[in-house]
Each structure stands twice: as structure tokens, then as C-alpha cells.
Amino acid sequence: MSQSGPQVADSPATGTPSRASSPTPPDPTAPSGFARVRGLIGGGGPAVALVVLIAFFSIATPNFFSVSNASSLLSQLSILLVISIGLTFVILLGSLDLSVEGVMASSSLVFVLLAANDRNDLSLGFVALIAGVLTGSLFGLLNGVLHVYLKVPSFMVTLGTGAIGVGLATVLFGGRAPRLMDDGLRGLGFGNVGIFPKLALIAILVLIVALLVQKFTRVGRYGYAIGGDEPVVRLSGVNVERYKVLSFVLAGTGSGIAGVMAAMQLGVGDVSIGAGFQFTAITAVVLGGTALVGGIGGVGKTLVGAAIITVLANGLILLGVNPYVQISVQGLVIVVAVVATGWSLRKRVRAIK
Amino acid sequence: MNTFGSLPRWGKRAAGVATIMAVAIGLGACSSAADDNKPAASGDKSDVLLVQGIRSLSNSYHANWAAGGDLFGESVGKKVIVLSDEADSQKQLSLVKGLAAKGQVYALNIDPNTSSDTEAIVRTVTEAGGYVVTQWNKPDDLNPWDIGDHWVAHIGFDGTGIGKDVSQTLFDSMGGEGGIIALQGILDNKPAKQRFAGLQEALKANPGITLLDDQTANWSRTEALSVTQTLLAKHGDKVKGVWAANDEMALGALEALKAAGLAGKVPIIGFDAVPQALDEIKSGTNKYVATVSTDPWWQGGAALSLAYKAATGEIDVSKLSHDQRAFYAEQSIVTKDNVEKYTKAPTLEALKPDLDDPFKRFSAAIN
């Protein structure tokens with residue numbers, strides 16, 4: 001799709017890749033601040049949808065636009081955002097990572113069992129935290145290597161490794177959720193700084209790092225090109241395998257961080273700690289405007305997608321929508337948003353995989 | 001997307017279909033292979049094999065269930081075989097089929113993974129000449145007498161009655177007035193519906209209590225935390241109590257209360273008696289006032305005893321009433337006063353009356 005070579009990812013003004021019809025290199029003049037933001041989070045549908053939802057819920061419910069709800073919104077957004085950011089790198093390749101829940105389970109348990117806990121006498125402090133995150137990275141590495149070098153479809157590989165993650169977590173779990181007793185570690189993710197939940201601060205940090213990776217590193221930039229047209233990138237001498245594996249490592253790391261964050265929030269390591277996050281995260285990525293076929297999208301757009309889902313779930317509860325109907329309303333809004341978002345892309349995305 | 005990279009577009013699709021078919025054929029081959037284990041039941045009623053069918057020894061509930069079965073085994077001087085299926089319905093069925101190969105009459109006490117697994121399991125047992133008691137899951141329109149005497153009985157637990165009682169415990173701890181929020185399980189799950197119906201009955205009897213909101217958190221601790229956060233933002237300090245349809249969700253809600261500085265001020269109840277909930281009830285600092293226990297030791301011991309008595313002929317299944325063959329068993333409310341009883345296994349002596357009379361905790365007929 002993107003014929004202008006691996007260097008050109010997003011043209012800043014439209015938030016979509018340069019077309020074959022415009023062979024000129026991207027405009028070298030620096031975009032204005034507003035255009036820069038638009039380029040980052042995507043100009044059209046999703047951002048508008050988010051603003052509309054926020055406006056609607058602010059008018060329709062008395063509590064939506066309150067400090068306490070803002071704080072709960074931010075903390076609900078945090079974990080989903082971190083997972084979705086990681087997934088974005090893989091979906092940009094046109095691949096999928098279905099191991100999120102298994103990886104979160106394992107990383108949460110590795111973290112809690114190495115930190116001070118009520119199961120064993122270990123108390124490794126920060127080492128536990130790093131081990132928890134690295135557990136995720138290792139799963140990502142495994143995913144990437146199996147997918148890229150053994151040439152197994154990514155959704156099959158990651159379904160399998162996800163099951164391994166759940167299995168490993170079940171063994172570590174040993175019948176009851178081990179509790180995190182290290183108050184210092186837990187304090188990193190539990191509670192607020194002012195009105196800002198600490199989890200949200202972690203998520204913002206992850207977002208900034210991910211934006212930098214996407215913009216300034218090879219794995220970030222080649223990701224677009226590989227997702228756009230892998231054979232061309234390969235022909236131009238890029239070590240495609242390496243960057244694909246690295247993208248999976250990024251995704252695994254995201255799930256690993258999310259597992260640790262969830263453990264900090266709940267105060268336990270748990271096999272089901274990531275339950276429900278897998279498809280919500282994929283939805284967030286796609287809703288934001290990253291195409292499942294690869295090559296189009298970005299981390300900033302994912303922020304919008306994750307925010308839409310979080311606002312919707314929160315707003316529908318505040319609105320008092322019957323829980324039996326809620327899930328359908330959520331589904332409906334998502335379908336409408338995706339169709340609206342994808343409308344301008346219909347012709348370009350020829351195949352839906 | 002690039003797995004079948006060098007193939008033309010239709011070739012990719014064909015290769016994908018071929019992969020799916022290969023997997024399907026593989027699965028089919030597995031199940032037909034299991035069918036070859038033809039039953040070889042011998043009729044020796046004095047040498048009955050004792051078998052438990054549980055999900056996994058790695059969860060405390062089923063571990064306690066197995067321990068209850070071992071107590072019964074001890075009482076008749078036999079070892080108990082434990083089949084653990086790790087929540088895999090196919091594996092559960094093939095494990096049960098494998099029992100025929102032992103060539104002994106067996107008594108099986110099993111927790112079918114889902115309602116739709118129950119019929120295949122009880123038919124397998126019937127063919128092999130074993131005797132089975134099922135618990136928790138069966139299709140509503142299928143009863144033991146439809147299949148025959150080898151499906152001895154089905155034991156369920158009615159969430160409505162106990163749900164009403166435990167809700168009352170919550171209301172009492174609130175002084176009989178104020179608003180509560182309710183966290184429901186997966187909405188079409190039977191226990192979720194029954195437990196919520198119990199809450200609604202209790203609400204009718206307590207006009208001072210208002211249900212501010214009910215939302216589903218799908219049995220999940222993580223979801224319960226975020227739903228509770230939202231509900232606290234919505235209702236603020238009107239929330240004087242939290243009702244959750246299981247302990248996992250109650251524990252998630254507790255973390256939300258902690259984050260809001262409300263832990264220990266707002267009482268909570270749950271169901272299922274998971275270990276952490278029992279710890280909370282024991283300590284009392286966070287006002288986790290009650291949970292409900294089905295008593296897994298009883299489930300493992302008494303139901304296995306029922307299957308065994310049918311297998312040895314001590315109980316004539318054809319003479320049991322329909323009420324006895326599909327019944328709800330009693331459950332108990334666990335509070336600070338009796339929590340010790342539910343944190344460790346009973347002695348054989350304490351469980352003996354229930355082993356001798358498996359119907360001792362009969363509470364109501366299912367039909």
C-alpha cells in the first residue's frame with residue numbers, strides 16, 4: 001500500500017499513509033501544532049466519536065464530568081491502554097497477538113511471588129517488578145520467533161502461547177491467589193497522586209515511550225512498511241524477521257506491564273487477572289484506526305480507541321442502562337464507530353482478513 | 001498474513017481451509033479412538049472402585065472436595081482415584097471413558113464442566129455399568145430417571161434461599177437501612193440469576209434498604225473493581241453496602257473501596273467461600289461480613305458415599321423417589337462466628353453422619 005518506502009509512515013496532515021498517486025516525498029515543512037496532534041491521534045472519525053461521547057455523557061448524567069469520575073475513568077483506562085499500545089505494534093504488521101490474558105496471568109503471578117507475599121519468603125522488591133515485566137517480554141519473544149521463523153500464523157501461535165501462559169500461571173497460583181504484601185511496590189500502582197491515579201501515570205509513561213519508539217526507532221518505522229507491503233521491504237534489504245520479532249516483544253512487554261499493574265491494583269496475582277482484556281484491547285486498537293490488515297494506524301490512535309471503550313463502559317453505567325442491554329449497546333456503538341471510521345478507507349483496504 | 005507468502009491469493013485461502021480441516025479431522029480421530037474403549041464391566045459388587053471427577057487440584061474448592069472424598073475412602077478402607085480434567089470437557093469425558101478399562105464396577109462423583117457435558121458422561125457410565133452422582137450442572141429437562149439407575153442422583157445448590165439469607169446478614173450489618181450496590185455474575189448463569197433473585201426477595205422484606213444499582217462484573221475480580229469505582233463515582237456516599245454474587249467480585253469491590261478510603265466503613269458480602277474471603281471475614285478489619293459455603297468436603301464425601309451405596313446395592317436406586325434423585329443440598333452462611341469451621345477439613349468423625357446418610361443435607365427437590 002505505502003509505496004513511498006519505509007521511511008514514510010504517516011503523512012501528518014491526514015493521519016493516513018501516503019498514496020501511490022502522490023509519489024512526491026512527504027512535505028518537509030514542519031506541520032503546525034494542531035496538525036501534529038491530528039497526525040498523532042488520527043484526525044477523523046474516532047476522535048470525533050470520543051468527543052461526541054464525552055459531550056453526550058456530560059450532558060446526560062450529572063456525575064460523568066466530576067473529579068471523582070474523571071479519576072476512576074483514568075484508572076480504568078490505564079491497563080487497557082498499556083495492553084492496546086503493545087498490541088498496536090503487532091497489528092500494524094497485519095498480525096495478531098491473542099496471548100494477552102495468559103501473559104498477564106503469568107506476569108502478575110511471577111511479580112507477586114517474587115515480591116513480598118503471603119506464599120513464600122521471597123522479597124526481591126524491584127527485581128520482582130522487572131521479572132514480572134520481562135516475563136511478558138519473553139512470551140513476546142517466543143511468539144515472535146515461533147511466528148516468524150517457523151512460519152506459523154500469528155493468531156495460532158499466540159493462542160497456543162497464551163494457553164501456556166494460563167497453564168504456567170495455574171501452576172504458580174496453586175489454588176489460591178497469592179497476596180502482594182510489599183506495600184512499597186503496591187504503592188507504585190495503588191492510590192492517587194492528587195486526582196491522578198498512579199496507574200494512569202504509569203500508562204502515560206508507557207504511552208510516551210511507545211510514541212518515541214514508533215517515531216524514532218527502526219522497529220517502529222519499519223513496522224508500518226512491513227505491514228504495508230512486506231515483499232517490497234524485504235527486497236530493499238531490510239531484515240524483516242528481526243523487526244517482526246521485536247514488534248512481538250513490544251506487545252509481550254505491554255501485556256507484562258499490564259499484568260504487573262493489575263496485580264498492584266488488586267493486590268494479588270491471579271490466573272484470571274486479564275480476563276476480558278484480550279478482545280477489548282483488539283477492539284481498542286481497531287477502533288482507534290489501526291487497520292487489521294496492517295500498515296495503517298499508530299499508538300496515538302490507540303489512545304483514542306481505548307478512551308472510547310472506557311468512556312462508553314463508564315458512561316452507560318452512570319446513565320443507568322440496564323445491564324442486560326448494555327453489552328449490546330456497547331457492541332452497537334463499536335460497530336457504528338468502526339464503519340464510520342473505515343468509510344474513507346473502503347477502497348484502499350481491498351481485502352478484509 | 002504472510003504464512004503462505006508465496007502462494008497466490010486463492011492458494012492462501014485453500015491452505016487455510018486445509019489447515020482447519022486437518023485440525024478438525026485430527027479432533028474427530030481423537031474422539032473415535034476413545035470410543036474404542038468398550039466397557040468391560042464385571043459385576044462384583046464388593047470390589048467397587050471409588051472415583052472423583054473434579055476440575056483441578058490447584059483450586060482450593062476442588063482440592064477440598066477431593067479431601068472430603070478421601071475421608072469417605074478412609075471410612076470404607078479404600079483409595080480414591082481423582083480424575084482432574086483442568087476444565088477441559090473433552091478430557092473429562094475421555095477420562096470417564098477410560099474408567100471402563102479397569103474392569104471394575106465404579107462409583108463416580110463428578111462435577112461436569114458444563115450442563116451439556118452431563119448427558120454424555122452419565123451415558124458413558126451407564127454403558128460401563130458404573131454408578132454416578134453428578135453435581136452443579138445438568139440440563140433442566142434431563143433427569144436421572146430418564147437415563148436409568150446408573151445415574152444415581154444429581155445434586156444442585158439453590159442460590160435463591162441462601163441468597164436471601166446472606167443478603168439479610170448484609171442488611172443487618174448496615175442497621176437495616178441505606179443504599180447498596182449489587183455486582184451480578186454472568187447474567188445468563190443459573191447461580192447468578194438465583195442469587196440475585198435471593199437478593200430481591202430480601203429487599204422486599206427490608207423496605208429500609210434501597211438497591212441503588214445492579215451491574216454485571218462477569219464473576220471477575222478485575223471487572224468488579226472498575227464497575228465498583230464507577231458506581232462509587234455515581235452514587236458517592238449513598239453506598240452503605242456492597243452485595244456481590246461471588247467472592248472474587250466482592251474482593252475486587254473491596255480494593256475499589258480501599259482506593260476510595262471506604263474499606264472498613266462499607267460492609268460487603270459474597271458467595272463461594274474462597275480462602276481470601278474467609279481470611280477477610282476472620283480478620284474483620286475491612287467489614288467483609290459474610291459469604292456462603294456449599295461445604296466442598298461434604299460434596300466430595302457424602303455424594304461419593306451415595307454413589308458407592310448404589311454400586312454396592314446398599315441403596316436400591318429404583319426405590320429412590322424423584323425428589324431424592326434430583327435435589328438441592330443445604331448451604332451455610334459463613335460469618336466471623338463460624339468461619340473457623342470452613343477454613344480447615346472436618347474430621348472423619350464430624351463428617352460421618354453425612355457419609356452414613358447422604359440425604360441428610362437435603363434441602364429441596366430440584367423439580
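Two strands are taken to pair if DSSP finds at least two bridges between them, and the strands themselves (E, at least two residues), like the helices (H or I, at least four residues), are DSSP runs numbered from the N terminus. On that basis chain B contains an open sheet of six strands in the order β7-β6-β8-β9-β10-β12, with mixed pairing. The edges are formed by β7 (209-216) and β12 (332-334) of chain B, each of which has a single partner strand, so one side of each is left without a neighbour in the sheet.

The model is a predicted one, in which local features need pLDDT of at least 70 and side-chain atom pairs count only at pLDDT 80 or more, while totals for chains, interfaces and linings use all residues. Residues are numbered from 1 along each chain as its sequence is written, and chains are lettered from A and ligands numbered from 1 in the order in which they are written.

Towards β9(B), two bridges are found and the strands run parallel, with B:Ile269 opposite B:Ala290. Between β9(B) and β10(B) the chain passes through helix α10 (residues 275-283) of chain B, a β-α-β crossover that is right-handed, meaning that, with the strands pointing away from the viewer, the path from the first strand over the helix to the second runs clockwise.

Six of the six residues of β10(B) are buried (20 or more other C-beta atoms, placed from the backbone, within 10 Å of the residue's own), so the strand is largely enclosed by the rest of the structure. Helix α6 (residues 159-173) of chain B lies across β7, β8, β9, β10 and β12 of chain B, and runs at about 170 degrees to β10(B), where axes are lines fitted to C-alpha atoms, for helices over the stretch in contact, and angles run from 0 to 180 degrees between N-to-C directions.

At the level of the whole chain, an automatic or database assignment divides chain B into domain 1 (49-157 + 296-330 + 345-365) and domain 2 (159-293), whose C-alpha centres lie 32 Å apart.

Chain B also meets chain A: 37 residues of chain A are in contact (C-beta atoms, placed from the backbone, within 7 Å) with 30 residues of chain B. On the chain A side, α3 (67-91), α6 (154-173), α10 (240-266), α12 (299-319) and α13 (323-342) each supply at least two residues, and α3(A) gives the most, with five.

Note on methods. Two residues are in contact if their C-beta atoms, placed from the backbone, lie within 7 Å. A residue is buried if 20 or more other C-beta atoms lie within 10 Å of its own, exposed if 12 or fewer, and partly exposed in between; C-beta atoms are placed from the backbone.
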